[in-house]
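Open the model and keep the sequence beside it. The paragraphs below move from sheet to core to metal site.

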Amino acid sequence: MNESPVAASQQKEIWGSDAIAAMLRALDIPYLALNPGASYRGLHDSIVNYLGNERPQMLLCLHEESAVAIAHGYARAAGRMMGVVLHSNVGLMHGTMAIFNAWCDRVPMLILGATGPWDAAKRRPWIDWLHTASDQGALVRDYTKWDNQPASVPAAYEALLRAAQIANTAPRGPTYVNLDAALQEQNIGPLPALPEVSRFRAPPSVLPEKNSLQKAASLLSAAKTPVILAGRCSRSEIAWKNRVALAEKLNAKVMTDLKAGAAFPTDHPLHATPPATFLTDEGKKLLREADVVLSLEWIDTAGTLKQAWGDAPVGAKVILVSPDAHSHRGWSMDHQGLPPADIYMMCEPDAVLPLLLDEVRPRTATVPVQRDFSSAKDEVLSIRALANAFNEAAANLDVAIARLPLGWNGAYRHFRHPLDYLGADGGGGVGAGPGLVVGTALALKGTPRIAAGILGDCDFLMGVTALWTAAHYRIACLFLVANNRSYYNDELHQERVAKERARPVENKWIGQRIDLPDIDLAMMARAQGAVGIGPVTKVTELRTSLEKAIETVKGGSVCVVDVRVLPGYDTNMSGATPPARR
Ligand SMILES: Cc1ncc(C[n+]2csc(CCOP(=O)(O)OP(=O)(O)O)c2C)c(N)n1
Ligand SMILES: [Mg+2]
């Protein structure tokens, strides 16, 4: 998968960007996803000719939005961050939505940018002026954890160390370092000594204070109907086992969230209701009956409690385990509502759970019967039919699902391992899907697990050029497009508005439907070097198409299956109260 440069002759002179490249290697950044630009031509040269395009290796992307989405997907699956390089203000502007997604998903990422030359006397006429902004970081400051524009090589070393440290400190997130073109292109003489990276690492997780831990343990041990909300979490197998052990010791029911990666085996008898984006009626009932709720980094604790109790005071004691408020600021409301917390441990659940597990007393209760996700026979080509056929075709495979379509019902497929499902897009920015799948596949490259995404057609179309990057670098992955030829989620919104206003519901498709001409998604895949299958229009064709696709991906290729599903959702995306708006 390498793009190997010819070896450069003996390096007599060292440039500012060589030092920055050396620092990236010292930080162990494995890849840099990028779209090129003159503002960082110095760094580009250093990666290729000073580092030999290794550690980090460049991944050429056709759009900055996919570069960032790939880094987002990579970090989720690999549990470590990679880098992105975005050209001046324009490349950064193209990357912003994906940065917002990564920010909301609390995913670490080192974003490098460039500007200038800041020294006006060094600027080329016109273009360097266009691509110099006096506060470029301001474009992303509200949804990055930290940004900086270093003015010298030693300052750049420190900025990169700090950016990496902050990005990797919980709550994690993207950081942005903007490299002045003149600094990159400065001849600096000998390489300034690199700092010792191990002395600047992110700190270990914060442990809870004893008193809170004991109080939480006694509340949980004495609870009659405890419920655990298992939200954002790491891909650690040990942490997964700790969650299972805690739920079993407490005999507590567990809920998980389709907005976050797999957190608990969905086929465990204590997993109470299929994971969902908005609470299901079953979930609401379960919560209303709870006397103690343990919220483990649940994405929207306040909103979830509100769905259960409405405007009445929350009837359960709430134990909140989340460091997230460290990232809560004024611009974005992605912090969600303010939940009540009778006990508040501002720590990562992974750090709290082993301690809580020791501290709680076993609680006996009747173990519920294991949930059955088995489904009826499908007669029409719906998302459910696609799910069932995929489950059968991939029955003996380890799959990492990096994206699911909006119409997915959490009961369609079980998650039994932390890598079985990686979560949604974080910030609700459509178009992330393809990049998330490619980034996941990059992280899993060389392992037996197959990276796959089941994507809405519009999510696929908006980010489709990420497929070329996957094909070019032989990053095998599978795309199943739940193609309803519509921005269907918004048809549902128009339907709701029409009903409210007593207007013709049959007009809901106008300005939403994508046909006449139909887009040939398989052809779009083939155009980028992937294998394209479909359109699949009959339930009876599904199984063989999916088997063929899986074999193709096992053989190392990128494969897309265009599955023409009937418009329609089998989820509460269409009927949550208060109305769901995305
Ligand atoms: C960047 C962006 N543009 C628009 C939206 C509004 N939006 C939310 S869901 C959706 C429809 C997505 O269509 P598709 O991926 O085909 O899924 P479907 O709703 O058809 O199942 C749109 C346009 C958004 N969330 N993000
Ligand atoms: Mg659609």
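Two strands count as paired if DSSP finds at least two bridges between them. This is a predicted model, so that criterion is applied to predicted coordinates. Take strand 3 (residues 83–86) and strand 4 (residues 109–115). Four bridges join strand 3 to strand 4, and the two run parallel. Within this pairing, Val85 stands opposite Leu112 in strand 4.

Six strands form an open sheet in the order 2-1-3-4-6-5, with parallel pairing. Which strands stand at the edges? They are strand 2 (57–60) and strand 5 (146–148). Each has a single partner strand, so one side of each lacks a neighbour in the sheet. From one strand to the next, the twist averages 20°.

Strand 16 (residues 531–536) pairs with strand 17 (residues 558–564) over four bridges, in the parallel sense. Here Val531 stands opposite Cys559 in strand 17.

The largest nonpolar core has 67 residues. Helix 13 (residues 383–393) supplies the largest share of this core, seven residues. Which residues have the most contacts inside the core? They are Leu356 and Phe390. Leaving aside residues up to four places away in sequence, Leu356 touches Leu213, Ala216, Ala217 and Leu220, as well as Leu246 and Leu294. There is also a second, separate core of 52 residues. Ile99, Val107, Val140 and Ala451 are among its members.

Finish at the metal. Which residues are the protein donors of the magnesium ion (ligand 2)? They are Asp457 through OD, Asn484 through OD1 and Ser486 through O. In sequence the donor residues follow the spacing D-x26-N-x1-S. Asp457 and Asn484 link distant parts of the chain, 27 residues apart. Asp457 belongs to helix 15 (residues 457–462). Asn484 sits in the loop between strand 15 (477–483) and helix 17 (488–500).

Asp457 has a relative accessible area of 3%, so Asp457 is buried. Asn484 counts as buried too, because its relative accessibility is 10%.

Conventions. Residues numbered from 1 in each chain as written. Chains lettered and ligands numbered in written order. Predicted model: local features only at pLDDT ≥ 70, side-chain atom pairs only at ≥ 80, totals over all residues. Heavy atoms only, no water. Core = buried A, V, L, I, M, F, W, Y, C linked by side-chain atoms within 4.5 Å. Buried < 20%, exposed > 50% of the residue type's maximum accessible area, 1.4 Å probe, protein only. Contact = heavy atoms within 4.5 Å. Axes fitted to C-alpha atoms, helices over the stretch in contact; angles between N-to-C directions. Donors = N, O, S within 2.8 Å, 3.2 Å for Na, K, Ca; no water.
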